[in-house]
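Dear colleague,

Please find below the structure I wished to pass on to you. My findings follow directly after it.

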Amino acid sequence: MASWQRTHSCGELRTAHIGQTVVLNGWVNSMRKHPGQVFVDLRDRYGLTQCVFENLAEAADLQREWVLSLKGTVRERLPGKHNEKIATGDIELLVTELRILNRCPTPKFEVQSIPTEEMTLADSELADEETRLKFRYLDLRRPTLQRTLAMRHRLNKVIRDYLDAQGFLELETPLLGRSTPEGARDYLVPSRVFPGSFYALPQSPQLYKQLLMVAGYDKYFQIARCLRDEDLRADRQPEFTQLDVEMSFIEQEDIFRLIEGLVADVFRCCLDVTIPTPLQRMPYEEAMRRFGSDKPDLRYGMELVDVSDLAAKTEFVDFRQALEQQGKVIAINAKGGGTLSRKVIDGLVATFKERLRGGCAYVKYEKGAFATGVAKFLAPIQAELVQRLRVEEGDLLFFGSGKCVVQEGMGFVRTHLANEVLKLVDPAKKDFRFLWVVDFPSFIWDEEEKRWAANHHPFTAPRDQDLPLLETDPGKVYAKAYDLVLNGYEVGGGSIRIHSPEVQSRLFKVLGMTDEQAQARFGFLLDALKSGAPPHGGIALGLDRFAMLLSGTTNIRDVIAFPKNQRGCDVMTGAPATVEERQVSDLGICIVKKEEPK
Ligand code: AMO
């Protein structure tokens with residue numbers, strides 16, 4: 001071992017080490033200079049150690065984030081100087097030898113952590129995210145991110161151990177393949193050898209895993225990278241990671257049991273939290289009716305209440321119009337929201353109207369009666385509304401009315417009120433409400449293309465009892481599909497697959513594909529299904545979302561070492577970027593200049 005190499009980490013030394021000569025390696029987290037004495041907090045991913053230089057001239061020049069090797073003697077801190085907030089807070093290192101391993105200019109932004117137990121910088125103290133993404137290697141030194149990445153490692157390890165113990169094989173599938181439809185746009189890779197032909201990067205390993213079932217690998221999993229060119233949101237990345245699972249000779253219940261065991265193990269090992277199993281289940285229609293969402297957050301109530309029957313007794317124009325168009329009037333009780341100002345409520349109404357694509361009205365309940373807003377119209381139904389929505393003094397009711405999207409719109413109203421206005425949830429609190437959403441419709445009507453589209457993906461089996469309706473009434477066909485929901489996020493989705501080539505062909509037809517088109521695109525799958533396909537099914541969990549929720553953050557980028565920004569760019573390396581003209585012409589591609597996206 002070279003003389004500069006560490007004997008201990010910066011989070012390791014305790015009173016038991018007092019008197020020992022040790023070497024620490026790390027970064028200068030912070031410094032305090034006094035006459036004849038310099039204090040440096042040295043940092044690595046294990047923690048911080050206070051190091052003292054007494055009359056060591058070179059120490060005066062040290063700067064933040066320089067990389068040091070410090071040899072010295074461990075000693076107890078002076079009385080009153082102990083720091084209970086850090087694990088090494090009882091000792092300090094009296095430095096006898098300083099070796100500067102590397103110097104650097106002052107970093108673009110504050111990397112240092114506040115040495116508390118939690119070691120988190122408050123959001124308000126962080127540099128803006130774009131700057132931090134540009135210098136990601138500096139931001140990754142931040143203990144919060146080091147903790148979330150360590151959590152991810154643990155998550156992967158627990159998953160592998162659990163599935164290995166259950167007899168699963170971890171198998172890899174190609175990145176360069178044919179497009180698997182999962183509802184998003186593909187990232188395409190042009191072929192040099194076959195100009196004009198493209199590989200598609202996988203949106204998921206869906207078809208490969210089904211083919212592995214045909215091949216007899218009855219318990220498969222993979223921690224798989226997936227790529228989807230879709231609009232980004234706080235919980236979406238263009239490349240993300242799935243725990244992809246597939247099993248043969250099973251039914252929906254077997255997948256539930258497997259995943260429930262996994263979830264319980266993950267939360268126990270990663271957070272020491274017990275998740276009671278079996279997890280709650282709810283049919284899709286019920287989730288939509290009660291919460292206006294297929295991924296309801298069950299940490300709070302505030303359920304949607306259909307008041308169409310009562311609304312019919314009023315003269316309020318918005319309500320009447322909605323009902324005349326066979327629409328609905330749905331109400332929600334924002335408990336205690338009566339204290340919100342008129343200005344805030346008007347702002348909310350404007351936001352909600354946009355999402356509802358219909359009317360939005362409100363009323364407060366003050367001194368035992370409706371006040372402000374549409375109070376005068378609601379007088380005839382006040383008593384019934386108060387009872388149905390359990391209205392109490394100081395409550396605020398919102399009403400959404402309209403023809404088509406009012407249920408989903410009110411789902412938005414519910415989460416917006418809970419998260420942004422009433423602050424009913426704290427993501428850092430260890431409150432985990434899981435839910436299986438089941439019985440999804442197989443198809444949704446695509447108004448633009450005037451055809452049925454697969455609600456999950458086209459390999460999902462319809463319920464046996466609904467098979468006769470496939471051609472006659474696709475809107476009434478329900479799927480053997482399920483989503484795993486946690487605190488309002490869809491953290492997983494899967495289904496029992498079609499293993500009959502005839503049913504698969506019928507389903508492609510419902511989606512508007514001719515036999516020839518189905519054969520051209522999915523001939524290999526149809527052939528495989530004809531080669532002795534076992535009944536099979538599976539699921540994929542979104543590991544980034546899982547890690548995000550385990551870490552108590554709402555930003556998916558916090559759990560990915562090198563994420564893309566909101567526009568899908570890697571601002572650190574500058575990807576996507578132009579390439580040399582020769583590279584493009586080798587691929588037989590000609591670039592058509594388009595206007596810069598705004
Ligand atoms: P699905 O498309 O539902 O199913 O994806 C499974 C899970 O992956 C996560 N996820 C994402 N996470 C981050 N960024 C994204 N852009 C993103 N897109 C999806 C979600 C989602 O629940 N092949 C099927 C699975 C199956 O049927 O077995 C599939 O990919 O948490």
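Which residue in E2 does arginine 32 stand opposite? The residue opposite arginine 32 is phenylalanine 39 in E2. Please bear in mind throughout that this is a predicted model.

The two strands concerned are E1, residues 21-34, and E2, residues 37-44, which pair in the antiparallel sense over seven bridges. Both belong to a barrel into which five strands close, in the order E1-E2-E3-E5-E4, with mixed pairing. On average, neighbouring strands of this sheet are turned by 55 degrees against each other, direction ignored.

As to the helices, I would draw your attention to one pair. Helix H6 (residues 284-291) packs against helix H12 (residues 406-421) at an angle of about 60 degrees, and their axes are 8 Å apart. H6 is therefore oblique to H12. H6 contributes Met288, Arg289 and Phe291 to the contact, while H12 contributes Gln407, Glu408, Gly411 and Arg414. Sorted by class, the residues in this contact are two nonpolar, two polar and three charged.

Regarding the protein as a whole, there are 16 helices and 22 strands. Of its 598 residues, 49% are buried. The C-alpha atoms fill a box of roughly 85 × 75 × 55 Å along the principal axes. The accessible surface comes to about 30200 Å², and carbon and sulfur atoms account for 50% of this surface. Among contacts between residues at least 6 apart in sequence, 68% join residues at least 24 apart.

Yours sincerely

Conventions: Residues numbered from 1 in each chain as written. Predicted model: local features only at pLDDT ≥ 70, side-chain atom pairs only at ≥ 80, totals over all residues. Heavy atoms only, no water. Axes fitted to C-alpha atoms, helices over the stretch in contact; angles between N-to-C directions. Helix = DSSP H or I, 4+ residues; strand = E, 2+ residues; numbered from the N terminus. Parallel < 35°, antiparallel > 145°, perpendicular 65-115°, else oblique. Contact = heavy atoms within 4.5 Å. Nonpolar A, V, L, I, M, F, W, Y, C, P; charged D, E, K, R; others polar. Buried < 20%, exposed > 50% of the residue type's maximum accessible area, 1.4 Å probe, protein only. Areas by Shrake-Rupley, 256 points an atom, 1.4 Å probe, with all protein chains shown as cover. Pairing = 2+ DSSP bridges.
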